[in-house]
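Please keep the sequence and the coordinates at hand while reading.

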Amino acid sequence: GSSVRGPRRLSAMADDELLVNIDKAFWPKGVLRGLTPALRDLGDKHGNLVIAAQPAKGTILVKGAPDMIEAAKPGLLALIEEHF
């Protein structure tokens, strides 16, 4: 058997999480209608990241491969600037 199996291979597949905090006071009424599909599209473009707006917590959760999260950051920033 190979001695390479084990933690290293698992960690390469581990998802990372990025939480973007936006104070609840700054969530415009009805923002989710336009924001949710835009976040979904952005996630699809970057290796099927999960990007979820969580207005009750005042956060946007980004979950997926670390390099994909990095690649999605400029698009995420643009969406935040557009919607908030």
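## His-83 and its contacts

Leaving aside its neighbours within four places in sequence, His-83 is in contact (heavy atoms within 4.5 Å) with Pro-28, Val-31, Gly-34, Leu-35 and Ala-38. His-83 belongs to helix H3, where helices (H or I, at least four residues) and strands (E, at least two) are DSSP runs numbered from the N terminus. With a relative accessible area of 17%, His-83 is buried; the term buried stands for under 20% relative accessible area, exposed for over 50% and partly exposed for what lies in between, with a 1.4 Å probe and protein chains only.

The model is a predicted one, in which local features need pLDDT of at least 70 and side-chain atom pairs count only at pLDDT 80 or more, while totals for chains, interfaces and linings use all residues. Residues are numbered from 1 along each chain as its sequence is written, and side-chain values use heavy atoms, with hydrogens and water left out.

## Overall make-up

The protein holds three helices and three strands, and from the N terminus on its elements follow the order α-β-α-β-β-α. Of the 84 residues in the protein, 29% are buried. Among the contacts in the protein with a separation of 6 or more, 65% are between residues 24 or more positions apart.

The accessible surface of the protein amounts to about 5,900 Å², and carbon and sulfur atoms account for 56% of that surface; accessible areas come from the Shrake-Rupley method with a 1.4 Å probe, and for residues only the protein chains shown count as cover.

## Helix H3

Helix H3 spans residues 66–83, which is 18 residues, and its reach from first C-alpha to last is 25 Å, close to the 26 Å expected at 1.5 Å a residue; the expected span is 1.5 Å times one less than the number of residues in the helix. Within H3, a kink of about 40° is found at Lys-73, shortly before the proline Pro-74, the bend at a residue being the angle between axes fitted to the seven residues ending there and the seven starting there.

Which residues of H3 are buried? They are Ile-69, Ala-72, Leu-76, Leu-79, Ile-80 and His-83, and their cover includes strand S1 (16–21), helix H2 (31–45), strand S2 (50–54) and strand S3 (59–64).

## The strands

Strands S1 and S3 run antiparallel and are joined by six bridges, whereas S2 and S3 pair in the antiparallel sense over five bridges; two strands are taken to pair if DSSP finds at least two bridges between them. Ile-60 in S3 has Val-20 opposite and also Ala-53 opposite, while Val-50 has Lys-63 in S3 as its bridge partner.

Strand S3 is mostly covered, with five of its six residues buried. Thr-59, a residue of strand S3, is buried at a relative accessible area of 5%, and beyond residues up to four places away in sequence, Thr-59 touches Leu-19, Val-20, Asn-21, Ile-22, Trp-27, Ala-52, Ala-53 and Gln-54.

## Loops and backbone angles

The hairpin of S2 and S3 has four residues between the strands, and there Gly-58 takes a positive phi near 70°. Asn-48, in the loop between H2 and S2, has a positive phi of about 60° although it is not a glycine, and Asn-48 counts as exposed at 59% relative accessibility.

Pro-55 sits in the loop between S2 and S3 and is partly exposed at 29% relative accessibility. Not counting residues up to four places away in sequence, Pro-55 touches Lys-24, Trp-27 and Leu-32. The C-alpha atoms of Pro-55 and Val-31 are 9.5 Å apart in space, with the two residues 24 apart in sequence.

## The aromatic pair

Rings of Phe, Tyr and Trp (its six-membered ring) pair if their centres lie within 6.5 Å, planes under 30 degrees apart counting as stacked, over 60 as edge-to-face and the rest as tilted. By this rule there is one aromatic pair. The rings of Trp-27 and Phe-84 have centres 5.0 Å apart and planes at 85°, so this pair is edge-to-face. Because Trp-27 lies in the loop between S1 and H2 and Phe-84 in the segment after H3, the pair ties together parts that are 57 residues apart in sequence. Trp-27 is buried at 11% relative accessibility, whereas Phe-84 is partly exposed, with a relative accessible area of 29%.
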